Amino acid sequence: MIDIRLVRDDLESVRDALGRRGVDPKEVDRLAAMDAEARAAVGRRDDVRAEVKALSRQVGEARRSGDTARAEDLAARSRAIGDEERSLNVAAEEAQDEVRQTLLLLPNLPGTDTPDGVGPEDNVVARSWPDTDMEYTEAQRVPHWEVGSELGLLDMERGAKLSGSMFPLYRGFGARLLRALTSFALDSHADEFEEVRPPTMVLTETMVSTGHLPKFEEDAYHLERDDLWAIPTAEVPLTSMWRGDVLDEADLPLRLTAATACFRREAGAAGRDTRGLLRVHEFDKVELFAYATPDQAPALLDSMVARAERMLQDLGLQYRVLDLCAADMGISASRTFDLEVYSPGVDMWLEVSSVSWCTDYQARRANIRYRPTAGGPPAFVHTLNGSALAWARIWAAIVETGRRADGSVVLPEVLSPYLRGETVIPAAG
RNA sequence: GGAGGCGUCGCCUAGCCCGGUUUAUGGCGCCCGCCUGCUAAGCGGGUUUGGGUUAAUCCCCAUCGCGAGUUCAAAUCUCGCCGCCUCCGCCA
């Protein structure tokens, strides 16, 4: 969440910044008023509480000196004030809770470099690779679900039989391709990122820390019996690894990579991009994550985007980098770059990575701080996350891009070590 | 799932039975100062983290795993939960 002090000290700039994200300025004004009221209520409560405590101390002193009558009198007075304290306390807590609930629903402030805009159409294409568009043959113009079923790689029907639609089931070479991609990705980040295998089901608090709750409850799978949530991305558990902790600045940046399944209900996307692997409820993804100081964050953002891009280049997939406009970013982000690969069979740009700098927005929700080497009080860390990469759509792009006239599919050479050297999926015979 | 033990200010630790002179004891570490040819030792002071208030100091509130309760008053009593350890049961 954003720093409430910013709302107090510079209401105008918060109004402007959140306005760029489509937040009604009146909402910000309302927050400022609630905050002022909450502080006043807490002050009233604390004053009365101080009185109760002072009287209670005097009761003890009177008791010790044997003045029972005086002790009883003081206790009675304290009792009377206690009733007032209780009602003031309820009011104070309600007022504070109201501020927090409002704060939890407000998005992060967009960065100064973040492009303006009102929707996806205002995202800026920062760059493309390769410099000139790739050429595609007729053989590559076959959608992956056709290639997948023809070669026995993907069985959406049986997936649906087990779990309902949009739960893919990969077979044979198709399943091996996924495993190869995960190994390839983890190995290529091992130089700087510690590999982690976190749980895929998490507590409510863990989901709140990243910003996925309370606002986007409808998008997540929830196990009611145990009150656990299926993670929509490894960003969720990784953010909470140091929740509530104070790190040493010397340990920053702290870089992690994790391969997990990701679960998304896609509640708001009914009927959109439903074919094949374009949009699925469960997919595997390798995530990059970092805790950093504010100074380290910008360079880390660039390096994480560069890593994701490097993988796409290694895989030989055409892509473009989108600099997301203020209105299209996720709730926690202040700056986001999306990577989209061009997939010739479906003739679409597919989002396969989203790299975000969340400044201290998530750290404040999760209360993750670091102790500055130079001294001074602990400060909130900055968190960054990015996919490198999301496999379902990468799988689609690889299978479509690699398809040859004879129906076989050539896989990227970089995966060879992970495929026992078998980089060609033979044509159906 | 069952039985028992434990969770205190960076680390260790006292306090809990028997609620109130506790602003939570002491040690280690760390910071500042004194002393000193230098270092060590010694001496004095400081050292949880939030919030409120203030020009700043002061002061006030919260914080002894988390939450609720009892009480004029809770680290201390009661209940619930979480985590760790030991043993048992079950189990890949």
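This report walks through a predicted model of a protein with an RNA strand.

## Ground rules

Because the model is predicted, local features need pLDDT of at least 70, side-chain atom pairs count only at pLDDT 80 or more, and totals for chains, interfaces and linings use all residues. Residues are numbered from 1 along each chain as its sequence is written, chains are lettered from A and ligands numbered from 1 in the order written, and side-chain values use heavy atoms, without hydrogens or water.

Helix H3 (25-64) is one of the elements that supply at least two residues. H3 gives the most, with 10 residues. Helices (H or I, at least four residues) and strands (E, at least two) are DSSP runs, numbered from the N terminus.

Which parts of the RNA face the protein? Of the RNA strand B atoms within 4 Å of the protein, 76% belong to sugar or phosphate and the rest to bases. Bases still take part. A polar side-chain atom of arginine 63 lies 2.5 Å from a base oxygen. A polar backbone atom of serine 56 is 2.5 Å from a base nitrogen. Arginine 371 has a side-chain N or O atom 3.4 Å from a phosphate oxygen.

## Serine 353

Serine 353 sits in strand S11 (residues 348-357). Is serine 353 buried or exposed? Serine 353 counts as buried because its relative accessibility is 1%. Buried means under 20% relative accessible area, exposed over 50%, and partly exposed in between (1.4 Å probe, protein chains only). The side chain of serine 353 reaches the backbone oxygen of serine 387 at 2.6 Å.

Most residues other than glycine have a negative phi, and most peptide bonds are trans. The bond from leucine 213 to proline 214 is cis, with omega near 5 degrees. The bond from alanine 388 to leucine 389 is also cis, with omega near 5 degrees. Leucine 389 lies in strand S14 (residues 382-390).

Glutamate 266 has a positive phi, near 55 degrees. Threonine 359 has a positive phi too, near 40 degrees. Threonine 359 is buried, at 13% relative accessible area.

Definitions and conventions. A polar contact is a pair of N or O atoms within 3.5 Å; within protein, one must be able to donate a hydrogen and the other to accept it, and residues adjacent in sequence count only if both atoms are side-chain atoms. A residue is near a molecule or strand if one of its heavy atoms lies within 4 Å of it.
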